Amino acid sequence: MSDSSRYQPQAIEASWQRAWQQHGLHETPALEPGEQGFYALSMFPYPSGNLHMGHVRNYVITDVVARVQRLRGRKVLHPMGWDAFGLPAENAAIERGVDPGAWTDQNIASMRSQLDQLGLSIDWQREVATCHTDYYRWTQWLFLQFLEAGLAYQKDATVNWDPIDQTVLANEQVDSEGRSWRSGALVEKRKLRQWFLKITDYAQQLLDDLDQLDGWPERVRTMQANWIGRSTGAELQFEVITAEGQPTGERITVFTTRPDTIFGATYVVLAPEHPLVAALTALEQQLSVEAFCDLVSRQSEQERTAEDKPKRGVPIGSQVRNPATGELIPLWIADYVLADYGTGAVMGVPAHDQRDFLFARQYELPVRQVIIPEGSDEHAFEGGAWTEAGVLIHSGRFDGLPSGKAKVAITAAAEAEGWGQERVQFRLRDWLISRQRYWGCPIPVIHCDSCGVVPVASEQLPVELPRDVAFSGKGASPLAQLDSWVQVACPCCGKPARRETDTMDTFMCSSWYFLRYSDPHNTQLPFSRSAVDAWLPVDQYVGGIEHAILHLLYSRFFTKVLRDRQLLSCDEPFTRLLTQGMVQGVTYKNPNSGKYIPPGEVADPTDPRDPISGERLETFFEKMSKSKHNGVDPASVIDRYGADTARMFILFKAPPEKDLEWDDADVEGQFRFLQRLWRLVEAAVERGLNLADGAGSPEAVGVALASAQQGGGLTQADAALRRAVHTAIAAISEDLDGDYQFNTAVSELMKLSNAMGSVLAESSDVFACEALRNLVILLAPFAPHLAEELWLKLGGRTSADALHSSSVHRQRWPQSDASALVRDTVPLVIQIKGKVRGSLDVPADADKATLEQLALSSEIAAKWLEGKAPSRVIVVPGKLVNLVP
């Protein structure tokens, strides 16, 4: 290692990384039966080939957690892998004419090298890549588990179609503006035969078990609860009547959370995609209904349901009978009703639903009030619908009932009379997993005209992706065009059959990867139950808030299904979740042109101007991205300052859950702090301090304290040094428990180094060694390379060859000594007439009378009272004395 007297991270970091790897310092120890380890996990990345600052923040946070737990004596699993299927690799194959697998493997190698530069304590022996057959074989095996359990099925469905990526999207992959989560294209609607997983079968469990997740951010739990969207209400049946007044035998079932308003229903609306629309449309309405259905098919779900958009519809020429009143009311279709939510039909109650009210006003449909505020007279609500609770009117035998009781009574009457029943409804819909693309996990089924859907036998897995495919980026998946792969014999009857050509949504791969890490080399099963039960659930999971609905909900679903299949024991996959904030960079934008200007082209940041037009630029912080030219390359920071500085800045700049604003000056500040630590240790080494043979250990300190007690106590310098050290231990330990506060922990390290700088030279060797020992161990999770180098300099080990047993990262987290925090003296603030005029060091156990005497006899009192006795003295023991003239 380097003998330089100057801190040069480039000279030490790479060599320590090689040494750690050589000695297997980060490999996961085996757990003994009944032993509890600690599982620290970051959400695994897509191998784009380039590490960005968001990655750095995520992985450094998890690394600190893992390192602290090791120092606390826990056996730690801290793995890493790659979410490697997906469209970018397929697009690269089209654009560059390369094999997507080779492109992906090249990117993995590049990003792994970049991650190693950060000094992450990852067990690379457990690395997985979802695109490799030794992984996706088991994704297919798990799909067959869902199929066998009746939780995987295929149906014709109206789906979200991404016209750019040429594939189907799940509802969760379409944003609030109706655009694809990846390509940004406006999503279209298409009817295709698709594979689904019955996540709705677990909706109530997924909702109820959110209460178990007290280690998750409340925001994430709320987002999931809202997405699952439980509603309690009733399904009510409306009999269909022809225009001539004859029953058709059909019934329209509507779901409503307001059965108390049934007497106010003046029309019923179907989704344009409802299967009964064609059959119930009158001849004279066919053209207008077909035109309207075509128009709606080009709208996204978000457009159709947006509150600020006008609601459009057309009558279809049929009627239904209101089961409560017997009245015939018209049947419409409208854009705001969705086929796959509820029953695809709603009853229109314009007096008591604002959306229905606006629709009724637009098309001149009747508005009938059936609920009024308690204690009020009946009156029309001209400005909108009355949607609050109240008392029923115009509701027959239910008149006068409070609306809450009326819901129960009307639902009970509907059940007794055969026109309705109580029902719980969820917003959550089944998970659509089919994707019409190549670079994904093949769905392991075969379609036979005689036998139907035939699963591929487990022993024949994996169904491998063929590599001899042609990419055009147009039309169907390349797999569908490869007859040599598609055409197979049916495993059951031997007749010609066809492979499934859809691949799985990549979230299928990422919904169980954390389980594979527990047993990554198992060739018989995706994981053994003993291994997964030993390590799961994950103790600390770290990742972005953008995964609150997609990945986190799907992973919870997977875990519950696999539990029910007796493959594991836990109910939830992640005990604690930390959603780190974004890394933001300074951003320059021309407000007139909308163009983003790279910071390097801004001559004067204090007066930013467009380098071409001279117009003044807007300056603000925004999430780093290529399009905004505000990114910072991690490699450039590491090359200049070293990985430890990058880590310290990332941890110090902001609390982990908050957004972080990148500031070069603060990076420089952390570099200077590490330099000060280097010089502090250099001075100690020159003095001859050495940690060899246990110097500064708790045992050695105990002996020295006993000796000092016999000899009259510690010197003032030793007491001050021990107070600073053990105050830091207590504060940093607290910051690394519960809600992590890495920023304040780093701040405590800075305070400790400052305190040591002022008293270390005056302290005795044993307590100076105690301070140095604890400083370096406390530093180790944050700046692991520097801590290892300082540990070596101080004699914590004799050579790098002894690394496995004597590395600083193999030490034990220090414990705070409460006796060291006891002060003989405390500062006492002196106020004159309520204003602070100075302070005194006074005995910590001084009583009120003593404090008053010390204050009155002080130079501060003499100066400000000018020899006059105060009229009143107010004493707050241990804090202040206020002298009132």
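This is a predicted model: local features need pLDDT of at least 70, side-chain atom pairs count only at pLDDT 80 or more; totals for chains, interfaces and linings use all residues.
## Burial and exposure

A residue counts as buried when its relative accessible area is under 20% and as exposed when that area is over 50%, with partly exposed in between.

## Helix α9

Helix α9 spans residues 286–297, twelve residues in total, and its first and last C-alpha atoms lie 16 Å apart, close to the 16 Å expected at 1.5 Å a residue. Within α9, the residues Val 289, Phe 292 and Val 296 are buried. Viewed down the axis of α9, the buried residues fall within an arc of 65°, so they line one face of the helix. An α-helix has 3.6 residues a turn, so residues three or four places apart point the same way.

On the face of α9 turned away from this buried side sit Leu 287 and Glu 290, both of which are exposed. The cover over the buried residues of α9 includes two helices, α8 (277–280) and α10 (301–305), together with the strands β11 (313–321) and β12 (328–334).

## The four-stranded sheet

Elsewhere in the chain numbering, four strands form an open sheet in the order β20-β19-β22-β21, with antiparallel pairing. Its edge strands are β20 (452–455) and β21 (487–489), each of which pairs on one side only. Neighbouring strands of this sheet are turned by 40° against each other on average, when direction is ignored.

Strand β19, residues 445–448, pairs with β20 in the antiparallel sense over four bridges. For Ile 446, the bridge partner in β20 is Val 454.

Methods
Residues are numbered from 1 along each chain as its sequence is written. Side-chain values use heavy atoms; hydrogens and water are left out. The expected span of a helix is 1.5 Å times one less than its number of residues. Buried means under 20% relative accessible area, exposed over 50%, partly exposed in between (1.4 Å probe, protein chains only). The arc is that of the directions from the helix axis to the C-beta atoms. Contact means heavy atoms within 4.5 Å. Two strands pair if DSSP finds at least two bridges between them. Axes are lines fitted to C-alpha atoms, for helices over the stretch in contact, and angles run from 0 to 180 degrees between N-to-C directions.
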